[in-house]
Amino acid sequence: MLEGISIKRNILLNPGPATTTDTVKLAQIVPDICPREKEFGSMMKQMREDLVRIVHGDPKVYTSVLFCGSGTINIDVCLNSLLPKDKKILVVNNGAYSTRAVEICEYYGLEHIDLKFPVDELPDLQVVEETLKADPDIALVHTTHNETGTGILNPIREIGALAHKYGAVFTVDTTSTYAMRPIDIEKENIDFCMASAQKGLMAMTGLSFVIGRKDIIEKSAQYPRRSYYCNLFLQYDFFEKTGEMHFTPPVQTIYSVRQALDEYFAEGEQEKWARHTRVFEAIHKGLEELGFKDVIKRELQAGLVVSVRYPDDENWDFEKVHDYCYERGFTIYPGKISTTNTFRLCALGAIDEEDIVEFFKVLRCALQANNISIPVKYKEC
Ligand SMILES: *Cc1c(COP(=O)(O)O)cnc(C)c1O
């Protein structure tokens with residue numbers, strides 16, 4: 001029935017949602033089903049196990065809990081659910097997504113320390129340790145693995161070791177690395193990590209998941225309840241008792257995730273990471289050929305997001321360049337660094353090196369069409 005359907009292929013270079021395969025898109029078209037049916041429940045059970053398997057978690061120790069929402073829901077869930085009474089959160093913050101975690105603390109009125117570091121540098125581990133040592137009330141440490149706003153890769157294994165040394169739970173926002181950069185949840189000292197279906201998994205928007213330690217979730221049943229829809233224990237407990245999501249799941253999205261998981265395991269963890277790396281390197285090569293400069297030192301980059309400085313050219317106009325590329329099937333994305341004007345090119349999604357080669361042909365034409373000089377100009381050097 002679905003044969004002959006042709007869907008235009010767009011290359012998304014934004015930091016998610018990602019380009020998907022047609023098989024994942026079409027997996028959403030299924031006979032209508034009530035998600036309380038056993039058939040649907042067993043699909044979710046398998047999915048929860050597969051999501052743990054991607055980060056090599058021991059299924060006896062780790063579980064995954066699904067939520068209907070975009071990736072931010074996971075940060076909300078972890079922070080509001082995993083903080084004991086009268087305790088404090090430490091956010092190791094060097095970018096936009098850890099700042100989002102700080103805002104969540106503010107909205108819930110959670111005691112927290114916003115430990116800020118420059119957005120183009122790694123957090124200073126000595127300062128992290130001193131902060132933990134000085135404040136025994138810190139019960140939860142949170143940070144972001146790949147700060148998607150800049151593309152910097154944070155040293156989570158080291159931060160996790162410090163959190164554990166001082167008796168705190170470690171939650172990591174892995175939304176922009178999960179199912180791309182290989183992660184071993186235990187080796188990385190992660191108690192909880194998280195992602196949404198539309199990034200590394202290359203599925204549709206609407207499903208997000210937290211992966212973490214069962215014993216801590218069970219203990220958190222005793223913690224203050226600060227949200228109803230976004231309580232981790234409540235959702236976990238309902239899954240364990242009934243095999244269902246507490247409230248209506250995003251049914252068709254879940255079918256697309258099932259297909260995406262099958263494609264993930266068929267491609268293979270190492271092969272998929274090698275493909276993202278090829279795409280990332282092709283992005284750098286194309287940028288260098290046009291004279292563009294990036295913001296984050298290459299050795300600090302997570303290998304998935306490149307933040308590019310706007311050229312100092314009076315004709316440079318991001319919107320115009322964006323629109324030119326967009327009309328030809330390529331999406332580029334504004335930056336997220338408040339102090340520098342940047343745009344981003346990301347290596348997520350079902351794309352490969354040849355797509356990037358095609359993109360740079362289009363970008364070159366976009367520069368020419370707007371009378372922007374090639375190689376692009378920068379004032380200081
Ligand atoms: C994409 C992303 C999120 C989730 O953002 P949404 O706008 O809710 O999709 C969270 N953290 C990181 C690091 C991300 O890259």
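Asn371 lies in the segment after helix H12. This is a residue of a predicted model, and Asn371 has a positive phi of about 55° although it is not a glycine. Is Asn371 buried or exposed? At 61% relative accessibility, Asn371 counts as exposed, because the cut-off for that class is over 50%.

The segment after H12 also holds Pro375. A cis peptide bond joins Ile374 to Pro375, with omega at about -5°.

**Backbone features elsewhere**

Most residues other than glycine have a negative phi, and most peptide bonds are trans. Met202, which is not a glycine, has a positive phi near 60°. Its place is in the loop between strand E9 (192-196) and strand E10 (207-213). Met202 is buried, because its relative accessible area of 9% falls under the 20% cut-off. Asn371, by contrast, is exposed.

Gly16 and Pro17 are joined by a cis peptide bond, and omega there is about -10°. Pro17 sits in the loop between strand E1 (11-12) and helix H1 (22-26).

**The chain as a whole**

The protein chain contains 12 helices and 14 strands. Along the principal axes, its C-alpha atoms fill a box of roughly 65 × 60 × 35 Å. How does the radius of gyration fit a compact globule of 381 residues? Such a globule would have a value near 21 Å, and the protein chain has 21 Å, so the two agree.

Of the 381 residues, 57% count as buried. The accessible surface of the protein chain comes to about 16700 Å², and 50% of that surface belongs to carbon and sulfur atoms. Among contacts with a separation of 6 or more, 73% are accounted for by residues 24 or more positions apart.

Rolling a probe the size of a water molecule over the atoms shows where empty space is left.

| Pocket | Volume | Lining by class |
|---|---|---|
| Largest pocket | about 330 Å³ | 5 nonpolar, 7 polar and 7 charged residues |
| Second largest pocket | about 240 Å³ | 5 nonpolar, 1 polar and 7 charged residues |

Which residues lie nearest the centre of the largest pocket? They are Lys45, Arg48, Glu49, Thr63 and Glu240, out of 19 residues that line the largest pocket. The elements giving two or more residues to this lining are helix H2 (38-54), strand E2 (62-68) and helix H8 (232-242). H2 supplies the largest share, with 10 residues.

The second largest pocket is lined by 13 residues, and those nearest its centre are Ala282, Lys285, Gly286, Glu289 and Val357. Helix H10 (269-290) and helix H12 (353-369) are the elements that give two or more residues to the lining of the second largest pocket. Which element provides the largest share of this lining? It is H10, with 7 residues.

Technical notes:
Residues are numbered from 1 along each chain as its sequence is written. This is a predicted model: local features need pLDDT of at least 70, side-chain atom pairs count only at pLDDT 80 or more; totals for chains, interfaces and linings use all residues. Side-chain values use heavy atoms; hydrogens and water are left out. On a 1 Å grid over the protein atoms alone, a cavity is a set of points where a 1.4 Å probe fits but cannot get out, and a pocket is an open set with protein on both sides within 12 Å along at least five of seven lines; lining residues have an atom within 4 Å of a point. Grid points are joined across faces, edges and corners, and a volume is the space filled by probe spheres set on the points. Helices (H or I, at least four residues) and strands (E, at least two) are DSSP runs, numbered from the N terminus. Ala, Val, Leu, Ile, Met, Phe, Trp, Tyr, Cys and Pro count as nonpolar, Asp, Glu, Lys and Arg as charged, and the others, Gly among them, as polar. The radius of gyration is taken over C-alpha atoms; the globule rule is 2.2 Å times the number of residues to the power 0.38. Buried means under 20% relative accessible area, exposed over 50%, partly exposed in between (1.4 Å probe, protein chains only). Contact means heavy atoms within 4.5 Å. Accessible areas come from the Shrake-Rupley method with a 1.4 Å probe; for residues, only the protein chains shown count as cover.
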